Amino acid sequence: MRFRFIEEQRGTFPVDRLCRVMNVSPRGLRAFRSRPASRRQHTDMVVLAHIKEQSRLSLGSYGRPRMTEELKEV
């Protein structure tokens, strides 16, 4: 969470200052950047893409009950 915040704010503030304020090392930030996505993050991205696609196909009218049933099939 800290590293993600630093990545989001790095255009606004210097990275070294953000690292100091968030109490992380610049080396840890570099390691975070090079780390591959976890299995959970990958699964979440796949499910989110599926939800967005189904919503797009239904022109935004795909409600929670139908979406829940659709995701159970995945």
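**Exercise 1. Salt bridges**

Task: How many salt bridges does a search of the whole structure find, and how exposed are the residues that form them?

Solution. 
- Start with the count. The search of this predicted model returns 4 salt bridges.
- Take Arg-10. Its partner is Glu-7, and the closest N and O atoms lie 3.0 Å apart.
- Arg-10 has 43% relative accessibility and is partly exposed. Glu-7 is also partly exposed, at 25%. A residue would have to fall under 20% to count as buried.
- Move to Arg-40. Its side chain meets that of Asp-44 in a salt bridge, 3.2 Å from N to O.
- Arg-40 is exposed, because its relative accessible area is 62% and the cut-off is over 50%. Asp-44, at 39%, is partly exposed.
- Now Arg-56. It pairs with Glu-53, with 2.8 Å between the closest N and O atoms.
- Arg-56 counts as exposed, at 52% relative accessibility. Glu-53 is partly exposed, at 33%.

**Exercise 2. Spacing along helix H4**

Task: How many residues apart are Arg-40 and Asp-44 in helix H4, and how many separate Arg-56 and Glu-53?

Solution. 
- Helix H4 covers residues 39–57.
- Arg-40 and Asp-44 are 4 residues apart in H4, so about one helical turn separates them.
- Arg-56 and Glu-53 also lie in H4. Their spacing is 3 residues, again about one turn of the helix.

**Exercise 3. How H1 meets H2**

Task: At roughly what angle do the axes of H1 and H2 cross, and which residues meet?

Solution. 
- Two values are needed, because a packed pair of helices is described by the angle and the distance between the axes.
- Distance: the axes of H1 (residues 2–9) and H2 come within 10 Å.
- Angle: the axes cross at roughly 150 degrees. H1 is therefore roughly antiparallel to H2, since angles over 145 degrees fall in that class.
- Hand: the crossing of H1 past H2 is right-handed.
- Contacts from H1: Arg-2, Phe-5, Ile-6 and Gln-9. They meet Leu-18, Cys-19 and Met-22 of H2.

**Exercise 4. Fold and confidence**

Task: How many helices and strands does the chain hold, and where is confidence lowest?

Solution. 
- Count the elements. The chain has 5 helices and 0 strands. From the N terminus, the order is α-α-α-α-α.
- Of the 74 residues, 16% are buried.
- Read the overall confidence. The average pLDDT is 83, and 86% of the residues score at least 70.
- Compare helices. H2 has the highest confidence, at a mean of 91. The lowest is in H5 (residues 64–73), at 70.
- Apply the caution. Where pLDDT is low, predicted coordinates should not be read in detail.

Conventions: Residues numbered from 1 in each chain as written. Predicted model: local features only at pLDDT ≥ 70, side-chain atom pairs only at ≥ 80, totals over all residues. Heavy atoms only, no water. pLDDT = per-residue confidence, 0-100. Helix = DSSP H or I, 4+ residues; strand = E, 2+ residues; numbered from the N terminus. Buried < 20%, exposed > 50% of the residue type's maximum accessible area, 1.4 Å probe, protein only. Axes fitted to C-alpha atoms, helices over the stretch in contact; angles between N-to-C directions. Parallel < 35°, antiparallel > 145°, perpendicular 65-115°, else oblique. Left-handed = near helix turned anticlockwise from the far one by under 90°. Contact = heavy atoms within 4.5 Å.
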